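Work through the exercises below with the sequence and the 3D structure at hand. Each task is followed by a solution in steps.

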Amino acid sequence: MNTNKPDMKGLDQLDTAVLLQKMIVINGMINYGTKEQKERGKMEFKQIEPLILNSVNLAAFEQAKFELNITNSDL
């Protein structure tokens with residue numbers, strides 16, 4: 001995999017779409033949910049984090065941070 005270009009490996013289009021939707025929901029839970037929802041969101045993220053780290057290269061993370069205007073401290 002080329003690490004200079006945003007890329008994903010090991011996921012087909014459906015898997016990628018499902019993962020994206022899960023992350024949108026988890027992000028909402030963590031940022032806007034009740035205390036219980038925030039905790040559940042953090043637990044859900046811990047479960048899918050290994051999949052994300054194994055599938056998405058650093059350039060994709062950097063591109064997402066740029067497009068979303070997110071800093072490392074925001075993460």
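Helices are DSSP runs of H or I with at least four residues, numbered from the N terminus. The model is predicted, so local features need pLDDT of at least 70 and side-chain atom pairs count only at pLDDT 80 or more, while totals for chains, interfaces and linings use all residues. Residues are numbered from 1 along each chain as its sequence is written, and side-chain values use heavy atoms, with hydrogens and water left out.

**Exercise 1.** Locate Asn57 and find which backbone nitrogens its side chain reaches.

*Solution.* Asn57 sits in the loop between helix 2 and helix 3 (58-68). Asn57 counts as buried because its relative accessibility is 5%, buried being under 20% relative accessible area and exposed over 50% (1.4 Å probe, protein chains only). A polar atom of its side chain lies 3.1 Å from the backbone nitrogen of Asp7. The Asn57 side chain also reaches the backbone nitrogen of Ala60, at 2.9 Å.

**Exercise 2.** Which residues of helix 1 are buried, and where do they lie around the axis?

*Solution.* The buried residues are Leu19, Ile26 and Met29. They lie on the same side of helix 1, because they cover an arc of only 85° around the axis (taken from the directions from the helix axis to the C-beta atoms). The face turned away from this buried side carries the exposed residues Gln13, Leu20 and Tyr32. Helix 2 is included in what covers the buried residues.

**Exercise 3.** List the contacts of Ile26 beyond its neighbours within four places in sequence.

*Solution.* With contact meaning heavy atoms within 4.5 Å, Ile26 touches Gly41, Glu44, Phe45 and Ile48.

Terms used. Helix = DSSP H or I, 4+ residues; strand = E, 2+ residues; numbered from the N terminus. Polar contact = N/O pair within 3.5 Å; in protein donor to acceptor, adjacent residues only side chain to side chain.
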